[in-house]
Amino acid sequence: AYKYIMQDDLIKQTFSVSTGTDNLITIDFKKVVEPEDTTRLAQLVEDAIFEILNKDPNKTYNALLYISAIGGSYYLSPEAKNIYLNLAKLRQLKKSALVGNNTFIELFVNLAVSAAGKDMNFKWFSKREEALNWINNE
């Protein structure tokens, strides 16, 4: 029973999840939410991703996450970390590239990737072009 600071419709304005014909899911975090809302944000992002994945359970995608807009330090609740970690392990997501300059999240991602081992194909980039090059080179 969490008390959320923001209503869902306001949280949904802080990110977007979209996909095109290139089997690329783009997740764009546009602004910071309150620490108390990071769990709900993760749940809403997860729902949006599953809405795409569930259309065709046999289809695979690559993911491109933009987090530059949320700045240099960012709190993630333990629940939010688990949600994002489980998303990263999904078989339907082949490669996931994170683009941003957030030291805390970079550290978390690097630890998560090393903990999960070979199952995760996840990389950190500071530039969008580098991320897309990596994703597009099978």
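This is a predicted model: local features need pLDDT of at least 70, side-chain atom pairs count only at pLDDT 80 or more; totals for chains, interfaces and linings use all residues.
What covers the buried residues of helix 2 includes helix 1 (8–12), strand 1 (15–19), strand 2 (24–29), strand 3 (61–66), helix 3 (78–88) and strand 4 (93–99); buried here means under 20% relative accessible area, with exposed over 50% and partly exposed in between, using a 1.4 Å probe and protein chains only. Helices (H or I, at least four residues) and strands (E, at least two) are DSSP runs, numbered from the N terminus. Residues are numbered from 1 along each chain as its sequence is written, and side-chain values use heavy atoms, with hydrogens and water left out.

Staying with helix 2, its buried residues are Thr38, Thr39, Arg40, Leu41, Ala42, Leu44, Val45, Ile49, Ile52 and Leu53. Its 16 residues, 38–53, should span 22 Å at 1.5 Å a residue, and the end C-alpha atoms are 22 Å apart, which agrees; the expected span is 1.5 Å times one less than the number of residues.

Now to the interior, where a nonpolar core is a set of buried Ala, Val, Leu, Ile, Met, Phe, Trp, Tyr and Cys residues joined through side-chain atoms within 4.5 Å. The largest such core has 29 residues, and those with the most contacts inside it are Ile25, Ile27, Phe29, Leu41, Val45 and Tyr84. Two or more residues each are given to this core by strand 2, helix 2, strand 3, helix 3, strand 4 and strand 5 (122–125), and helix 2 supplies the largest share, seven residues. Apart from it lies another core, of 10 residues, among them Leu24, Phe125, Ala131 and Leu132.

Which residues does leucine 93 touch, not counting those up to four places away in sequence? Leucine 93 sits in strand 4 and counts as buried because its relative accessibility is 10%; with that exclusion, it touches Ile25, Leu53, Tyr61, Ala63 and Leu87, contact meaning heavy atoms within 4.5 Å. The C-alpha atoms of leucine 93 and isoleucine 25 are separated by 9.1 Å, although the two residues are 68 residues apart along the chain.

For the chain as a whole, the secondary structure comes to five helices and five strands, following the pattern α-β-β-α-β-α-β-α-β-α along the sequence. Buried residues make up 43% of the 138 residues, and, among contacts between residues at least 6 apart in sequence, 79% join residues at least 24 apart.
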